[in-house]
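Work through the following exercises with the sequence and the model side by side. Each task is followed by a solution that goes step by step.

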Amino acid sequence: MTDAGFVIASWVITGLVLGGYALRIALRTAVARGEKTLFKPAAPKAENGVDR
Amino acid sequence: MKGRRAWVAIGICAVAVIAIIGLAVQLSGNVVYYRTVSEAVKIRSSQARFRLAGAVVPGTISETSTGVSFEVTDGKKTVTINHRGDPPQLFKPGAPVLCEGAWGAATASGVAAFNSDRIMIKHGEEYTPPKVKVTTTTSLPRG
Amino acid sequence: MSEKINNRDDRSALLPRAVGRVVDSLTLVSIGALTFFGLWASPADVVQGDAQRIMYLHVPAAWAAYVAFGITTLASLLWLWPRTRSAVWDRVAGASAEIGLIFTGLTLLLGSLWGRPVWGVWWAWDARLVSTAVLFFLYLGYLAIRAVPAEPIVRARRSAITAVIVFIDVPIVHFSVNWWRTLHQKATVFNPELNPEIHGVMALTLWIGVVAFTLLYVSLLNRRYQLAYLEEGLEETALDSAILQRSGGVK
């Protein structure tokens, strides 16, 4: 690999690692937010035996 | 569910501890990562493997059937290196190098050469663009 | 139990929404600037050539890791100090350590990519590289300890004490190049003489990198903290409903 190849690889890897991590936080946040709004109405539903 | 999570966590902890111990053991064998040429010539009779640090003496590099031969110096002492294999990309006259290997048998002239099988280039912490007036581009390994 | 309730702090985000947005935008702008300066505007090094450009990512990544672990330690101390004890500090400590671990891993990867062309090797068993790998595993262990289920206050105390202990390796990593002989070069900018041995556009580029990665750290910390808060809420809701169900409160 040439020097330029190593430099490009370093930028790509940085993008993948940091971008991937930021994306993971965003996805988990979305899931947590979604569950949170779903979870609370789910409690009274369970009373009717409809839930699950 | 909770129990499983605990075991996974403890497992990762165990892996981390084992890795740290392994790394510490590796490091303890490398506390002196390299010896200068002056220090190296004092143990010329030893068969032990170590890394020898010095600057490549300009005009001494010659290709051999198995690799390259050249001299390195720390400013006080100079020794001949017989290297097996290709030298790294930035290997050139004046480059500060670490050669990994051991002393060979004494030759007819009475001084042993150092047989190396791995060359690393040691760089300084100074960075300069090419056109700026450069005082020293190759810093000898210090310490 | 009452201790746990006192400990509860309902700060759902670290930064106000508007401030968070500003930090996010500045992060993106500075990363763009770093890419422009690092790949185009800065000259190639006289010895190392183009490969030296990897420094503009490697050094800022290592810097951000130091900052992240420093904040983890500070937050852990603030949690341990009874007057400042708050669940906020526990979340900050955990969030910051995770980001620091990512930056440490990245530093090792980038260092390897830089070492291959300029040293001739991907890895060397010298004090700087090994102590950095140790740092990675120390914080991996710290995060694993955090993941062991326990009462929130027990978990927070356990984590805080661990965080303070594992931080010892950070100064070891930084000063390893001065204390021992290493293949790795000494510090260029944060050297003991505080006299950077780098000039002009190269120094400017490195500073842009340090600023960009610091902003990125703040941005990630803000988001990761919010996630920690949300997930804690979920755990509590799940726990409450489990208790309710078990006691027959729902059925």
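**Exercise 1. How many helices and how many strands does the secondary structure of chain C contain?**

Before starting, note that this is a predicted model, in which local features need pLDDT of at least 70 and side-chain atom pairs count only at pLDDT 80 or more, while totals for chains, interfaces and linings use all residues. Residues are numbered from 1 along each chain as its sequence is written, and chains are lettered from A and ligands numbered from 1 in the order in which they are written.

Step 1. Chain C has eight helices and zero strands, where helices (H or I, at least four residues) and strands (E, at least two) are DSSP runs numbered from the N terminus. Its pattern along the sequence is accordingly written α-α-α-α-α-α-α-α.

Step 2. The C-alpha trace of chain C spans about 75 × 40 × 35 Å along its principal axes. Of the 251 residues in chain C, 49% are buried, a residue being buried if 20 or more other C-beta atoms, placed from the backbone, lie within 10 Å of its own.

**Exercise 2. Describe how H2(C) packs against H8(C).**

Step 1. Helix H2 (residues 17-41) of chain C and H8(C) pack at an angle of about 150°, and their axes are 8 Å apart; axes are lines fitted to C-alpha atoms, for helices over the stretch in contact, with angles from 0 to 180 degrees between N-to-C directions. H2(C) is therefore roughly antiparallel to H8(C), the word used for angles over 145 degrees.

Step 2. The residues that meet include Gly20(C), Val23(C) and Asp24(C) in H2(C) and Val201(C), Leu204(C) and Thr205(C) in H8(C), contact being counted if the C-beta atoms of two residues, placed from the backbone, lie within 7 Å. The residues of this contact divide into 15 nonpolar, eight polar and one charged, where Ala, Val, Leu, Ile, Met, Phe, Trp, Tyr, Cys and Pro count as nonpolar, Asp, Glu, Lys and Arg as charged, and the others, Gly among them, as polar.

**Exercise 3. At what angle do the axes of H4(C) and H6(C) cross?**

Step 1. The axes of H4(C) and helix H6 (residues 152-166) of chain C cross at roughly 50° and come within 10 Å.

Step 2. On the H4(C) side the contact is made by Asp90(C), Ala93(C), Gly94(C) and Ala97(C), and on the H6(C) side by Ala156(C), Ser159(C), Ala160(C) and Ala163(C). These residues divide into five nonpolar, two polar and one charged.

**Exercise 4. Why is strand S2 of chain B largely enclosed by the rest of the structure?**

Step 1. Seven of the seven residues of strand S2 (residues 50-56) of chain B are buried, so S2(B) is largely enclosed.

Step 2. S2(B) pairs with strand S6 (residues 96-106) of chain B in the antiparallel sense over six bridges, pairing being counted if DSSP finds at least two bridges; here Phe50(B) stands opposite Gly101(B).

Terms used. Angles under 35 degrees count as roughly parallel, over 145 as roughly antiparallel, 65 to 115 as roughly perpendicular and the rest as oblique. A residue is buried if 20 or more other C-beta atoms lie within 10 Å of its own, exposed if 12 or fewer, and partly exposed in between; C-beta atoms are placed from the backbone.
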